[in-house]
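Please read the following briefing alongside the sequence and the three-dimensional structure.

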Amino acid sequence: MVTWFLSMWISNTATTIMMMTIVQALLQQFKDMNSQEVLSKKDKERADAEFSRLSKALSLTIAYSANIGGIASLTGTGTNLILYGAAQKVFEDVGLRSPITFSSWLIYGLPLSLILVFIMWLWMVAVFLRCRGGCLCCCCAPEANKKKLEKVNAMIRDEYNNLGPITYEQATVSITFVLLLVAWITRDLGSTGGWAMFFPPGDVSTTTAIRLLEPHLFVLVLCGEVRIENQKFSNKSDL
């Protein structure tokens, strides 16, 4: 779901590359965890087969989720913007206003994308991972698998705790990202208007919101650097 959500707003390729590095790190930790257990030859072969299926499933899930998320919003992938530009030109040639906006695309694309990502999840779990009552994701799994699941959850929880609290820079980027999404969605709400109506027709596009928020991001980052320098200066003064 994380890959699907991120792919709604940024390039599918960029989302896939970013998430694959996380998946590879998790898979390596799973492999190290399994290598610490003493297993018989038959159990080891079975564990290796399960790990191979899990690796393939996670990798394919990242790729599929990125593509499915790309159809949910107008900026999800480059082909959406190509269609948006072509539709604008066709409607302008006949003197009409294109009905395709960021909000209208989201209304039709988001439900379809949610249905597709749910179907993809079912296919991966029920078919690819052969989840028939004995895998980690089932509530009726054997006790041994439940213990493995507890170990996996503990490992992920430890890695999350190692990240520490959210930094100023991370909060700044997150807030700016949310403001950008709000600006994209509310730019043109069709017949109900939008903030683009306060500008001359044709002067506001999808990239306008990015240009408006660029100074905001640079100012906040600069304020953060000033704050860090002030802290360093105060620490030296205390010494």
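The side chains of K89 and D93 meet in a salt bridge at 3.5 Å, N to O, where a salt bridge is a side-chain nitrogen of Lys or Arg within 4 Å of a carboxyl oxygen of Asp or Glu. This is a predicted model, in which local features need pLDDT of at least 70 and side-chain atom pairs count only at pLDDT 80 or more, while totals for chains, interfaces and linings use all residues. Residues are numbered from 1 along each chain as its sequence is written, and side-chain values use heavy atoms, with hydrogens and water left out.

**Overall fold and confidence**

- The protein chain has eight helices and zero strands, with helices (H or I, at least four residues) and strands (E, at least two) taken as DSSP runs numbered from the N terminus.
- Confidence is given as pLDDT, the predictor's confidence in each residue from 0 to 100; the protein chain averages 76, and 77% of the residues score at least 70.
- Among the elements of the protein chain, helix α1 (residues 2-7) has the highest mean pLDDT, at 87, whereas helix α8 (residues 206-238) has the lowest, at 66.
- Of the 239 residues in the protein chain, 30% are buried, where buried means under 20% relative accessible area, exposed means over 50%, and partly exposed lies in between (1.4 Å probe, protein chains only).

- The buried residues of α4 are N80, Y84 and A87, and because they cover an arc of only 70° around the axis, they lie on the same side of the helix; the arc is that of the directions from the helix axis to the C-beta atoms.
- On the other side of α4, the exposed residues are T79, I82, K89, V90, E92 and D93.
- K89 and D93 are four residues apart in helix α4, which means that about one helical turn separates them, and both are exposed.
- Side chains of opposite charge can pair when their charged atoms come close; the structure holds one salt bridge.
- A86, also found in helix α4, counts as partly exposed because its relative accessible area is 40%, and its C-alpha atom is separated by 9.9 Å from that of S98, twelve residues apart along the chain.
- Just after α4, G95 takes a positive phi of about 80°.

- L112, I115, L116, F118, I119, W121 and L122 make a nonpolar surface patch of about 680 Å².
- Patches are made of residues with over 30% relative accessible area and no salt bridge, with like charges joined within 9 Å and nonpolar side chains (Val, Leu, Ile, Met, Phe, Trp, Tyr) within 5 Å; accessible areas come from the Shrake-Rupley method with a 1.4 Å probe, and for residues only the protein chains shown count as cover.
- L116, one of the patch residues, has its place in helix α5 (residues 102-128) and counts as partly exposed because its relative accessibility is 33%.

**Helix α7**

- Helix α7 (residues 168-186) has 19 residues and reaches 27 Å from its first C-alpha to its last, close to the 27 Å expected at 1.5 Å a residue.
- The buried residues in α7 include T172, T176, L180, L181, A183 and W184; seen down the axis of α7, its buried residues fall within an arc of 170°, so they line one face of the helix.

- I68, found in helix α3 (residues 41-70), counts as buried because its relative accessibility is 13%; I68 and W4 are 64 residues apart in sequence and 6.7 Å apart in space, C-alpha to C-alpha.
- I100 is found in the loop between α4 and α5 and counts as partly exposed because its relative accessible area is 21%; the C-alpha atoms of I100 and L189, 89 residues apart along the chain, are separated by 10.0 Å.

Notes
The expected span of a helix is 1.5 Å times one less than its number of residues.
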